[in-house]
Amino acid sequence: MPGNKEREEAGMCASREMALVTNVCEYEELAKHKLPKMVYDFYATGAEDQWTLRENSEAFSRILFQPRVLVDVSCINMSTSVLGYNISMPIMIAPTALHKLAHPEGEVATARAAAAAETIMIYKDRNLVQQLIQRAEKAGYKAIVLTVDAPWLGRREADVKNRFTLPQNVMLKIFEGLDQGKIDKTNGSGLAAYVASQIDRSFSWKDIKWLQTVTSLPVLVKGIITAQDTRIAIEYGAAGIIMSNHGGRQLDYLPATISCLEVHESQVVREANGRVPVFIDSGFRRGTDVFKALALGASGIGRPVLFSLAVDGEAGVRNALRMLRDELEITMALSGCTSVKEITRGHVVTESDRIRRCSRL
């Protein structure tokens, strides 16, 4: 067992690491050295060739700014609202599972950090049944997020190689008392086998109507990237759309979510036409990325915080959210925007814009 001196040295080393963290991307490298390989790979890798995983981030580099100057930016207001609830910034914590693999306090630490930042933490449930919805209502949740892009689990080869399974001290707490079984080791990914046993692959649009019969909470649909599915989701009563490609962890060679706003001229936002809010996740690394998504019509973004949670628990998540907020604030000021509502399509230039301009020459 380490003595007091060793613990003090470890604490000092961790403090030095924290002092050197200047953006959320740096948490990933620190987490890579801290987490077991199986856990790091589960969080960090995508499906098959991982093209979508890479493209999610790289697509942002092809969107450029068109700032306005000589604007009074002495006061920047980043607050916004989600389904009538006010939050301090358009940055939320995206749905991610198994936070206890990253830190002993798990989702509790993440939720505390979200509350401290006055923003929203979104949970996802793979097996939405009436018991779980009632439990969520009793716990004070304000909305249900239905993940619709995972009727099968994507082939995540790192999980197969690692024979991913949960440590004995980690369980799916939400299923406690519901006799839902556990994740066991298999010849491949234990997670894939477990999810296959729990997901109803016949789940379809009509089941959104069923959800509305068992809860009064608004239902947001996560995993949509096309105008067609946006239209259907609204027809079936969805209260909001979350554009997502599951972080590149489901079907590989999907476009980056930001490209679904960019290349197709905000097709999802245009189809929603203000009837429901449109949120977006996947690939966000900087406050500049947040600004670009807002300029292209998104109402807010979701950002996973698992690596910052792994490195420094609740304090790490708080710091990650603070850095994103600070970066967004600077981007708004340097672009001449004093509030989120002032961020417009005219503040960015996309590949589609450049192609159209060249075609006119």
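# Chat on a predicted model

Author: His246 has a relative accessible area of 9%, so it is buried. Keep in mind that this is a predicted model.

Reader: What does the UniProt annotation say about His246?

Author: The unreviewed UniProt entry marks His246 as "active site". That label comes from the record.

Reader: And where is His246 found?

Author: In a loop. The loop runs between strand S7 (240-243) and helix H11 (257-262).

Reader: Step back a bit. How many helices and strands in the chain?

Author: There are 15 helices and ten strands. The chain has 361 residues, and 49% of them count as buried.

Reader: What about the accessible surface?

Author: About 17900 Å² for the chain. Carbon and sulfur atoms hold 53% of that.

Reader: Which share of the contacts joins residues at least 24 apart?

Author: 74%, counted among contacts between residues at least 6 apart in sequence.

Reader: Now H4. Which residues are buried there?

Author: Thr52, Glu55 and Asn56. Seen down the axis of H4, these buried residues fall within an arc of 110°, so they line one face of the helix.

Reader: Why would residues three or four places apart point the same way?

Author: Because an α-helix has 3.6 residues a turn.

Reader: Take Thr52. Buried or exposed?

Author: Buried, because its relative accessibility is 0%. Thr52 sits in H4, which spans residues 51-58.

Reader: What is Thr52 in contact with, neighbours within four places aside?

Author: Asn245, Gly248, Leu251, Asp252, Tyr253 and Leu254.

Reader: Glu55 next. What does it form a salt bridge with?

Author: Arg62. The closest N and O atoms are 2.3 Å apart. Glu55 counts as buried at 10% relative accessibility, whereas Arg62 counts as partly exposed at 24%.

Reader: Which other residue is linked with Glu55 and Arg62 in the salt-bridge network?

Author: Glu351. It forms a salt bridge with Arg62, with the closest N and O atoms 3.3 Å apart. Glu351 lies in helix H15 (residues 351-360) and Arg62 in the loop between H4 and strand S1 (64-65), so the pair ties together parts 289 residues apart in sequence.

Reader: How many salt bridges does the structure hold?

Author: Nine. One of them joins the side chains of Arg112 and Glu105, at 3.8 Å from N to O. Arg112 is partly exposed at 44%. Glu105 is partly exposed too, at 38%.

Reader: New topic: helix H5. Which residues are buried in it?

Author: H5 covers residues 106-116, and Gly106, Ala109, Thr110, Ala113 and Ala114 are buried. They cover an arc of only 135° around the axis, which puts them on the same side of H5.

Reader: What covers the buried residues of H5?

Author: The cover includes strand S4 (91-93) and helix H14 (306-335).

Reader: What comes just after H5?

Author: Glu118, with a positive phi of about 55°.

Reader: Last one, the largest nonpolar core. Which residues touch the most other members?

Author: Tyr43, Ile258 and Ile280, out of 82 residues in that core. The largest share comes from H14, with twelve residues.

Reader: What is Tyr43 in contact with?

Author: Leaving aside neighbours within four places in sequence, the list includes Leu35, Ala97, Leu98, His99 and Leu101. Ala102, Arg249, Leu306 and Phe307 are also in contact with Tyr43.

Reader: What does the second core include?

Author: Ile87, Val145, Ile242 and Phe279 are among its eight residues. This second core is separate.

Reader: What do nonpolar side chains tend to do in soluble globular proteins?

Author: They tend to be buried together.

Technical notes: Residues are numbered from 1 along each chain as its sequence is written. This is a predicted model: local features need pLDDT of at least 70, side-chain atom pairs count only at pLDDT 80 or more; totals for chains, interfaces and linings use all residues. Side-chain values use heavy atoms; hydrogens and water are left out. Helices (H or I, at least four residues) and strands (E, at least two) are DSSP runs, numbered from the N terminus. Buried means under 20% relative accessible area, exposed over 50%, partly exposed in between (1.4 Å probe, protein chains only). Contact means heavy atoms within 4.5 Å. A salt bridge is a side-chain nitrogen of Lys or Arg within 4 Å of a carboxyl oxygen of Asp or Glu. Accessible areas come from the Shrake-Rupley method with a 1.4 Å probe; for residues, only the protein chains shown count as cover. The arc is that of the directions from the helix axis to the C-beta atoms. UniProt positions are given in the numbering used here, feature names are shortened, and annotations may be inferred rather than shown by experiment. A nonpolar core is a set of buried Ala, Val, Leu, Ile, Met, Phe, Trp, Tyr and Cys residues joined through side-chain atoms within 4.5 Å.
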